[in-house]
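Hi,

Here is the structure for you to look over. My notes on the pocket and the sheets follow below it.

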Amino acid sequence: MSALYSVAEIREVEHKALSGLAPYALMQRAGAAVAEHAQALLCSTTESSPSVLILAGPGNNGGDALEAACLLEEAGIEVAVQLHADESRQPADARRALARAREAEIQFIEDLTPAGLRGQSWALVIDGLFGIGLARAPNGKLRAIIDYVNGLSCPVLSIDVPSGLNADSGSIVGGKDGAAVNATHTITFIGDKTGLHTCDGKDHSGHITAHPLEIEHACYKPTRAFLNGPQYFAASLKPRANNSHKGSYGDVIVVGGARGMAGAPVLAARTAAFGGAGRVYVAFVDDGPAYDGVHPELMFRVADRVEFGASAALVVGPGMGTSRHAHDILARALDSEADIVIDADALNLISAEPTLQHKLHDRSRPNGEVVSIITPHPLEAARLLDITTQQVQADRPQAARMLARHFNAITVLKGAGTVIAFPDGEMAVNPTGNPALSTAGTGDVLSGLCGALLAQGWPTRAAALAATWIHGAAADRLVAEGLGPVGLTASEFIPAIRAVFNNIIRDHVHHRPAAVTTLRTHA
């Protein structure tokens, strides 16, 4: 299931489901799912009598944890519960779960500080402190308990969302003043959550399992967010015909390379060539090198002498600088009818110039098709939105959607859990990639791959989704081969991108679905 849900959407589904169920039924299902998942994790322990610590907080998340405690106790597993809730203020189902736990004579640890837990060895911790509705940062004893859990070496299973994490944005509630559980596993209910896959969610959620709790399909509405994957660009994955030539696969023109920054456009151009473009040009803003000694098949030009027609895909911005000359070249590119990828210094120029912003916004085909892709990192996004980087990172999905809508451009907001947003409000979060990409030049590689796909006739939506997924998958491939994440350079990703691209073409040609998956997803 690749659909991603907001907290509001989850609440709506839950409300519809509860209206047709007996009281406590949904909590029983959730508790059973947690208990089953916990027992699977305990199978790998070497302890003869494993002990499980269950942290139960206020609300139904804590009730789910208590229900799981009862089921684990019934299964003969030693359980200890620390209850962080005012019993008189618990919801009805959570009170029922608590009463059931007390009747089962489960051990409750009365000392609600880490001191009450020290000296004990846990095979597993179940985090049921906070669910998807946390509004302020945990403090005092709760903060201390989260810190205690994060210092343990055993598996940690979070219920619905790691406590302290915003389920919509993936940021830690309270920012620098907050804290979140470092889960090794998260079992999330009803539908997958956007925040588990981006920003801090990438570090805190561990292995994610989405459990629908047997809720009927009729309770769900189509979502406007999804987890990116090859199924969303499979229609464009086609084998090459024998009867083809370089003209069959289009031209890419990479525009950039101010004095002293020639490396950035060369990285983008090399990637465009490895990504399948028929011909690749580098149009230098200032005087550049005569040719690429490693890849002499790339053709170098002076930007002032290159026409930006509709027949070539443009990648504008790598190493471009922010001079007046660069500004004028960018304006000419924005006036063209070409599909265009805008990155790096081109984004900085646009953020500082309203005229360029209007030019970008007004680019589209007569049928309304979007013809621009922008690929900002958080600082560039902050400049474009005239906010701080911290504000961008506090809600990456919202920032990406704002950029897409404001500039009428598909937006690839790079970072942990890259967000791809479309002007119509749809959004994808990319699951591939790792910290190996945290090095100079990988953004240029991504923009070059986007350009290569556009040159080969891919629709802009499919190109943005595929380039982002392949880019991250190449990083994952290299790390799996033992080549990172520390110390990988941008150049090393380029041949890995080619390998991943060819592999998925082969895989999806041989397993092509009967119908193309649309972007609008359902549970």
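Please keep in mind that this is a predicted model.

Pocket first. By class, what lines the largest pocket? The lining has 16 polar, six charged and six nonpolar residues. In total, 28 residues line the pocket, and K414, G415, A416, L437 and S438 lie nearest its centre. The volume is about 670 Å³. Four helices each supply at least two residues of the lining: α6 (201-204), α11 (378-385), α14 (442-455) and α15 (460-480). The largest share comes from α14, with four residues.

Now the sheets. One is open, with seven strands in parallel pairing. The order is β4-β3-β2-β5-β6-β7-β9. Its edges are β4 (107-108) and β9 (207-211); each has a single partner strand, so one side of each lacks a neighbour in the sheet. For β9, the pairing with β7 (residues 185-189) is parallel and runs over five bridges. There, H185 has H207 of β9 as its bridge partner.

Another open sheet has ten strands and mixed pairing. Read across, the order is β10-β19-β18-β17-β16-β15-β14-β11-β12-β13. The edge strands are β10 (225-227) and β13 (299-302); each pairs with a single strand, so one side of each is left without a neighbour in the sheet. From one strand to the next, the twist averages 20°. Within this order, β18 (residues 419-421) and β19 (residues 427-429) pair in the antiparallel sense over three bridges. I420 stands opposite A428 in β19.

Best wishes

Note on methods:
Residues are numbered from 1 along each chain as its sequence is written. This is a predicted model: local features need pLDDT of at least 70, side-chain atom pairs count only at pLDDT 80 or more; totals for chains, interfaces and linings use all residues. Side-chain values use heavy atoms; hydrogens and water are left out. On a 1 Å grid over the protein atoms alone, a cavity is a set of points where a 1.4 Å probe fits but cannot get out, and a pocket is an open set with protein on both sides within 12 Å along at least five of seven lines; lining residues have an atom within 4 Å of a point. Grid points are joined across faces, edges and corners, and a volume is the space filled by probe spheres set on the points. Ala, Val, Leu, Ile, Met, Phe, Trp, Tyr, Cys and Pro count as nonpolar, Asp, Glu, Lys and Arg as charged, and the others, Gly among them, as polar. Two strands pair if DSSP finds at least two bridges between them. Axes are lines fitted to C-alpha atoms, for helices over the stretch in contact, and angles run from 0 to 180 degrees between N-to-C directions.
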